[in-house]
Amino acid sequence: RKESSSSSSASSSQSEVEDSSKSSFSQCTFNMANILMGVGMLGLPYVFRSAGWIGGFSVTIGFCLVTWRTSYYLGRALNGDPRPVHLFDGIDLTIKRMRKPVSSFPAIAREAFGDNG
């Protein structure tokens, strides 16, 4: 009897481990944003100490602009066309995409650098 109860408890604890090791898309997104923002927040005091108030704000605003522009270009690459997205929202179906939309970062790298990289 002890063997059956210990095997059932082992299987239930194993299923709990399997269930707890999986995370949802929203949990993954939250963790990724938390890590990226946490690293940036830890670096801010050093930037302001090294560059001063004006230099620190300048560096912070500069990197914000670079990040925004990079996300803009990544969005266009994921769309499958370097042209603005609003061209594809209308009723005019004569405009075709230049490439098929990309759905992952490895696919973006393949589009940018080719198969051999």
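A pocket here is an open set of points on a 1 Å grid over the protein atoms alone, with protein on both sides within 12 Å along at least five of seven lines, and its lining residues have an atom within 4 Å of a point. The model is predicted, so to speak of local features takes pLDDT of at least 70, while side-chain atom pairs count only at pLDDT 80 or more and totals for chains, interfaces and linings use all residues. Residues are numbered from 1 along each chain as its sequence is written, and side-chain values use heavy atoms, with hydrogens and water left out.

Let's start with the pocket. The largest one has a volume of about 400 Å³, volume being the space filled by probe spheres set on the grid points, which are joined across faces, edges and corners. Its lining counts 13 residues, and Leu 36, Gly 40, Met 41, Phe 63 and Thr 67 sit nearest the centre. The lining splits into nine nonpolar, four polar and no charged residues (Ala, Val, Leu, Ile, Met, Phe, Trp, Tyr, Cys and Pro are nonpolar; Asp, Glu, Lys and Arg charged; the others, Gly among them, polar).

Now for the fold: the protein chain has three helices and zero strands (DSSP runs, H or I of at least four residues for helices, E of at least two for strands, numbered from the N terminus). Phe 57 belongs to helix α2, residues 25-79. Phe 57 counts as partly exposed because its relative accessibility is 46% (buried is under 20%, exposed over 50%, partly exposed in between, with a 1.4 Å probe and protein chains only).

Definitions and conventions. On a 1 Å grid over the protein atoms alone, a cavity is a set of points where a 1.4 Å probe fits but cannot get out, and a pocket is an open set with protein on both sides within 12 Å along at least five of seven lines; lining residues have an atom within 4 Å of a point.
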